[in-house]
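Visitor: I have a new model open and would like to learn how to read its features one by one. Could you walk me through it?

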Amino acid sequence: MMVWNPWHGCRKKSEGCLNCYMFRRDEQFGRDSTIIKQTGEFNLPLIKSKRGGYKINCLDNPVYVCMTSDFFIEEADKWRDYIWSIIRYRKDLEFKIITKRIERFYDCIPEDWGSGYHNVTIISTCENQIRADERLPVLLEIPAVQKEIIHEPMLERIDTEKYLSGGKIECVTCGGESGDNARVCDYSWILDMREQCVRNNVSFVFKQTGAHFRMDGKEYHIAREYQMRQAKKADIDFQRAIENDSIGETYSGILMQLSKSKFRGHFTLPFDMRKYCREKGLDTVKTHAFDFIRERLAPAVIDNDGKQTPMHGHPVFIAQHATATCCRDCLQKWHYIPKGRKLTESEIIYVVGLIMEWIKKDLEKYNKDNQ
Ligand code: SF4
């Protein structure tokens, strides 16, 4: 993970900003946080290291943009187009843009945004119910390839069920507030949000407890160095499964397109491999698929990319050629997943889901007598 702050400074926007970390830090150094100015790392993703490569590379993914400001703040309007051009150029990096000003989205996107850049996740933060009801309808409606929500600092129990149910949100992250004046964060609010995520198949991350944490009615003051550790210890993160109706439709659409390709469409499992799938069971085949994809397709750098998937030897290999998930070039061309960076967990799940869908459909073509 990497942070890129092309500009610094902000204006407080809502309740969550009260004890803003950036304001607190600037105060220590006698700086005025309300002056919004470019930083020395304005074009950081374009800076080369002494060895010739970029200073930030795909191993640093994801890259969080504007953590000491707001990406959509008005004062940065004059600089943002240039920043978009960098984001567009560095397709190998995954940029995460967190904002409390989602209502400015349409004033701030570049002309060629279309349905969204594939390497950008738009994240709306909402600290309480009022901000959730104000910002999440906007987040749901905007065009973006990936959307997430952050409740941090989480100031109360928040009901977002109606926003999570449409399948448009990938992940929700919750956490408390840091600093001496931190407001309380109650564990039951965190657990409640987790339940909403699980019910709606949205990934969930409990990032940190904050400094003032309440559990079972008891209040705890937690030192900075333990806030993330304690949250991890709770072990309540949830990874969504990408096997729901909407992804089913997506798979059907992609498989239909692939079947029209002369090369992709000619693949089918030979008799011995259909037999193998039926004897071993699809759960076992799926486990193999996860192993192959993690090992041969997911790394950022693959020495034999383009040749890593044999044409025979396992049903998953054949399904990979049929679904254009055999190498990173095919993945980029057919599925718009950029090469040169590690696949995310969601992308791995997506690829394996598609492979298994193809295998399932191929098996269905043959009845038992005609194995
Ligand atoms: S929007 Fe973010 S950076 Fe700006 S004041 Fe609020 S918390 Fe701080």
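Guide: Gladly, and we can begin with the distance between domains: the C-alpha centres of domain 1 and domain 2 lie 34 Å apart. The bounds come from an automatic or database domain assignment, which gives domain 1 as 2-234 and domain 2 as 245-370. This is a predicted model, where local features need pLDDT of at least 70 and side-chain atom pairs count only at pLDDT 80 or more, while totals for chains, interfaces and linings use all residues. Residues are numbered from 1 along each chain as its sequence is written.

Visitor: How many residues of domain 1 are in contact with domain 2?

Guide: Two residues are in contact if their C-beta atoms, placed from the backbone, lie within 7 Å. Here 11 residues of domain 1 meet eight residues of domain 2. The side of domain 1 that touches domain 2 has three nonpolar, four polar and four charged residues. In this scheme Ala, Val, Leu, Ile, Met, Phe, Trp, Tyr, Cys and Pro count as nonpolar, Asp, Glu, Lys and Arg as charged, and the others, Gly among them, as polar.

Visitor: What do the overall dimensions say about the protein?

Guide: The radius of gyration is taken over C-alpha atoms, and the globule rule is 2.2 Å times the number of residues to the power 0.38. For 371 residues that rule puts a compact globule near 21 Å, and the protein has 23 Å, which agrees. Along the principal axes, the C-alpha atoms fill a box of roughly 75 × 50 × 35 Å. Among contacts between residues at least 6 apart in sequence, 75% join residues at least 24 apart.

Visitor: How many helices and strands are there?

Guide: Helices (H or I, at least four residues) and strands (E, at least two) are DSSP runs, numbered from the N terminus. The protein has 14 helices and 12 strands.

Visitor: Which strands form the open sheet of three?

Guide: Two strands pair if DSSP finds at least two bridges between them. The order is E9-E11-E12, with mixed pairing. Strand E9 (185-186) and strand E12 (218-221) are the edges, each pairing on one side only. E9 and strand E11 (residues 212-215) run parallel and are joined by two bridges: Cys185 partners Phe213, and Asp186 stands opposite Arg214. E11 and E12, by contrast, pair in the antiparallel sense over four bridges. Phe213 also has a bridge partner in E12, namely Tyr220. E11 and E12 make a hairpin with two residues between them, and Asp216 in that turn has a positive phi of about 50 degrees.

Visitor: Where else does a residue other than glycine have a positive phi?

Guide: Look at Asn201, whose phi is near 55 degrees, and at Ala324, at about 60 degrees. Asn201 sits in the loop between helix H6 (187-199) and strand E10 (203-208), whereas Ala324 is in the loop between helix H12 (315-322) and helix H13 (328-335).

Visitor: Are those two buried or partly exposed?

Guide: We count other C-beta atoms, placed from the backbone, within 10 Å of the residue's own: 20 or more is buried, 12 or fewer is exposed, and in between is partly exposed. Asn201 has 18, so Asn201 is partly exposed. Ala324 counts as buried because 21 C-beta neighbours lie inside 10 Å. Of the 371 residues of the protein, 36% count as buried.

Visitor: Which peptide bonds are cis?

Guide: Check omega. The bond from Asn61 to Pro62 is cis, with omega near -5 degrees, and Pro62 is in the loop between strand E3 (37-38) and strand E4 (63-65). The bond from Glu152 to Pro153 is also cis, with omega near 5 degrees; Pro153 belongs to the loop between strand E7 (146-151) and helix H5 (161-164).

Visitor: What does Leu155 touch?

Guide: Leu155 is in the loop between E7 and H5 too. Leaving out residues up to four places away in sequence, Leu155 touches Glu15, Glu127, Asn128 and Arg183. Leu155 is buried, because there are 22 C-beta neighbours inside 10 Å.

Visitor: Lastly, which residues surround the ligand?

Guide: A residue is near a molecule if its C-beta atom, placed from the backbone, lies within 6 Å of it. The residues around the ligand are Cys10, Lys12, Lys13, Gly16, Cys17, Cys20, Met22, Ser69, Asp70 and Lys100. By class, this shell has four nonpolar, two polar and four charged residues.
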